[in-house]
Amino acid sequence: MAEKIYVTYNEVHKLCQASAPRILAAFKPNLIIAIGGGGYVPARILRSFLKQPGSPNIPIQAIGLSLYETLGTDAQIEAPGTKVTRTQWLDLGSLEMANLIGKNVLIVDEVDDTRTTLEYAVRELEKDVASAAKELSRTGEPTQFSVFVLHNKDKGKKGHLPTEMTSHDRYLAAVTVGDVWINYPWESTDIDEHDRLAALQASK
Ligand code: 5GP
C-alpha cells in the first residue's frame with residue numbers, strides 16, 4: 001500500500017503563499033480556473049497572495065472533471081485506460097468562455113498524479129477558447145494557460161502537457177513528492193484526528 005501523508009490547512013496556506021511570488025514572476029494571471037473539488041481551496045487562498053495593490057481581485061471560475069476506468073472488453077470500441085468526463089464546464093455559448101479570450105489563465109488543482117486530469121483540462125480549455133475566439137473574430141488576442149498544483153508526484157505520467165508550458169515556467173508545483181497518497185484536510189471528516197496524524201508524522 002502506498003505511504004500516506006497528511007497535509008494540514010496551515011500547510012496548504014503556506015504552500016500557496018510560498019508559490020505566489022513564483023507564479024507572479026513567471027506568469028501574471030488575471031483569471032483562475034479551479035478544478036473541483038481539490039482545486040477550490042488552493043485557488044481561493046492563492047488569490048489572496050496574487051492580489052496586487054490597485055488591481056481587482058482575480059476572478060475564480062470552477063470546472064469539474066471526473067476520472068473513470070474503461071475496461072476495454074471490446075478493443076475495437078474502446079482501449080482499456082482512464083477517461084475523463086466533464087461534470088462541470090464553462091458555458092460554451094455564453095460570456096464565460098469568451099471571458100477567457102486574451103487572458104492569462106491559471107488552472108489550479110491540488111495534485112498532479114497521473115496527469116490525466118490536467119492534460120484533459122489544458123487541451124479542452126485551449127480548444128474551446130480557440131473556437132470561441134474564432135466565432136467572435138478575436139483570434140488576435142492570445143490566451144495563455146498555466147498550471148499550479150500543490151503537489152506533483154514524481155512518477156511516470158500517463159498524461160502530457162504542452163512542452164511550451166512545461167519549459168516556460170507555466171507549470172508550477174509547490175512541492176514534488178514521491179508516489180505517496182496525500183490526505184488533504186478538506187476530505188477529512190475528523191479534522192482534529194487529521195491534524196493529530198499530521199503532527200505525529202512531522203515529529204518522526
Ligand atoms: P490525475 O491522475 O489525473 O493526475 O489525478 C486525478 C485525481 O485523482 C486528482 O485530481 C485527485 O482528485 C485524485 N488524486 C490523485 N492522487 C491523489 C492523492 O494522493 N490524494 C488525493 N486525496 N487525491 C488524489
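Which backbone N or O atom lies 2.7 Å from a nitrogen atom of the ligand? The atom belongs to Ile182. The model discussed here is predicted, so that local features need pLDDT of at least 70 and side-chain atom pairs count only at pLDDT 80 or more, whereas totals for chains, interfaces and linings use all residues. Residues are numbered from 1 along each chain as its sequence is written, and side-chain values use heavy atoms, with hydrogens and water left out.

The ligand site extends beyond Ile182. In total, 16 residues surround the ligand, and the closest are Thr114, Thr117, Lys153, Ile182 and Glu187; a residue counts as near when one of its heavy atoms lies within 4 Å of the molecule. Lys153 places a polar side-chain atom 2.8 Å from a ligand oxygen atom. A polar backbone atom of Arg115 is 2.9 Å from an oxygen atom of the ligand. Taken alone, the ligand exposes 500 Å², of which the protein buries 85%; these accessible areas come from the Shrake-Rupley method with a 1.4 Å probe, and for residues only the protein chains shown count as cover.

Thr117, one of the closest residues to the ligand, is also one of the buried residues of helix α4. Buried means under 20% relative accessible area, exposed means over 50%, and partly exposed lies in between (1.4 Å probe, protein chains only). Helices (H or I, at least four residues) and strands (E, at least two) are DSSP runs, numbered from the N terminus. The 20 residues of α4 should span 28 Å at 1.5 Å a residue, and the end C-alpha atoms are 29 Å apart, which agrees; the expected span is 1.5 Å times one less than the number of residues. Just after α4, Ser137 takes a positive phi of about 50°.

The interior comes next. A nonpolar core is a set of buried Ala, Val, Leu, Ile, Met, Phe, Trp, Tyr and Cys residues joined through side-chain atoms within 4.5 Å. The largest such core has 29 residues, and those with the most contacts inside it are Ile63, Leu65, Leu100, Leu125, Phe145, Val147 and Tyr171. Among the elements that each supply at least two residues of this core are β2 (31–36), β3 (60–70) and β6 (144–153). The largest share, 8 residues, comes from α4. Setting aside residues up to four places away in sequence, Leu125 touches Ile33, Ile63, Trp89, Leu90, Leu100, Ile107 and Phe145, where contact means heavy atoms within 4.5 Å. A second, separate core of 25 residues includes Val7, Leu50, Leu106 and Tyr184.

Is His151 buried or exposed? His151 is buried, with a relative accessible area of 4%. The side chains of His151 and Tyr184 make a polar contact at 2.8 Å; such a contact is a pair of N or O atoms within 3.5 Å, and within protein one must be able to donate a hydrogen and the other to accept it, with residues adjacent in sequence counting only if both atoms are side-chain atoms. Beyond four places in sequence, the residues that His151 touches include Val7, Glu110, Asp112 and Ile182.

Another histidine, His13, is found in helix α1 (residues 9–26). His13 is partly exposed, with a relative accessible area of 37%. Apart from neighbours within four places in sequence, His13 is in contact with Ile45 and Phe49.

Gly93, in the loop between β4 (81–88) and α3, is exposed, with a relative accessible area of 78%. Gly93 and Ala132 are 39 residues apart in sequence, while their C-alpha atoms are 8.0 Å apart in space.
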